[in-house]
Amino acid sequence: MVLTVPLIIFMDDVLGNVSKQWNKHHVVYMSNASMPCEMLEKEEAAESGVITWDCNYEEEVMVIPYDNFHCRDNPVQAEECSHGGLRCNYFCWTCKVGGTNVEKRTDKGYADLFTCGELWIPEGTLAEIKEQIRLLMLSGDTTKVKAEVSKTGTHDAATPSIIEHLLELGKHLRKCKTGTAAISENEVCAQLQQKLDVLLGGQSLDDHINPCLGMAGLNIHQDTPTEILHTILLGVVKYFWGQTVYILDKANFLGIFKTHLDSVETGGLGSTTLGANHIVHYKGSLIGWHFKSLAWVMPYLIYDLSTIGKHVVLLWHTTIENTETYLISDYV
């Protein structure tokens, strides 16, 4: 018997950590998506090997793991999707929502930001990366490539060394020295192509581009769920919190708010206390855990914040008991 096991693959770039500050260092781990969350939290691991005994079927089985989805924080997600990040005109690595600043400032452009755009596909991203390399060989500088990155959002982190070599060689070849004839553009392109072939080392260009774009059974754009910490807690919730406490502080209501926060029943939050004194005193220096707790309780403390509370709590639901009700409810 052959069984398939879905894997959740998490990766984080810890280059910024003090102990690894000058080393490129990624942490990767995998977990079994078919196991309950409480089982995943136990410190158990399996050695290499895919043949095992199934106590349910009472026979030996072959286990074949496969990618279910990839978890990363926003910067790493963007890198794994060969995307330039949130500052691009098309800032999403799942769909092509966005546009130029002029377009986004129009009524239609602003409204379109809240709708899903055309979905990214790995084949399209791969073609865009190849187009950027082609433009670099033709233009001789990075202006057109940078404009293309900003325009489309596509930026491959696996090919910078190739691009830098081609850029430097192109500048050198196109630089006309005194007393010497300029090299024709056709000759420049031919030499750049020869250099590219050397850099590829006999492999195809596809072999040097982000491998996630060519993995069978994986759509890296669709199989990277939105990261809650930076997108929601340190994004939407943080700014709601900042504006709220600014108004409360200006109206001298922070003391009343602290009293209300301190009186909230926290039995269902998984913590013994919210730490009202700490939250109010360090209101500008809170971390994700604080914002998670605040998102749950703020609708009970501040009038008219029910919308954010109603939607945010669904982020931590690991199961949907009634799919039909969930799909037609006003939560979605």
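User: What makes E128 a buried residue without a salt bridge, and how far away is the nearest side chain of opposite charge?

Analyst: The model is predicted, with pLDDT of at least 70 needed for local features and 80 or more for side-chain atom pairs, while totals for chains, interfaces and linings use all residues. Numbering starts from 1 along each chain as its sequence is written, and side-chain values use heavy atoms, without hydrogens and water. A salt bridge needs a side-chain nitrogen of Lys or Arg within 4 Å of a carboxyl oxygen of Asp or Glu. For E128, the nearest side chain of opposite charge is K96, 7.8 Å away, so no salt bridge is assigned.

User: Which residues is E128 in contact with, leaving aside its neighbours within four places in sequence?

Analyst: They are E148, T152 and T154, where contact means heavy atoms within 4.5 Å.

User: Why is S82 called buried?

Analyst: S82 has a relative accessible area of 1%, so it falls in the buried class. Its phi is near 55 degrees, a positive value in a residue other than glycine.

User: Is N252 buried or exposed, and why?

Analyst: N252 is exposed because its relative accessibility is 65%. The phi of N252 is near 60 degrees, again positive in a residue other than glycine.

Key:
Buried < 20%, exposed > 50% of the residue type's maximum accessible area, 1.4 Å probe, protein only. Lys, Arg positive; Asp, Glu negative; His and termini not counted.
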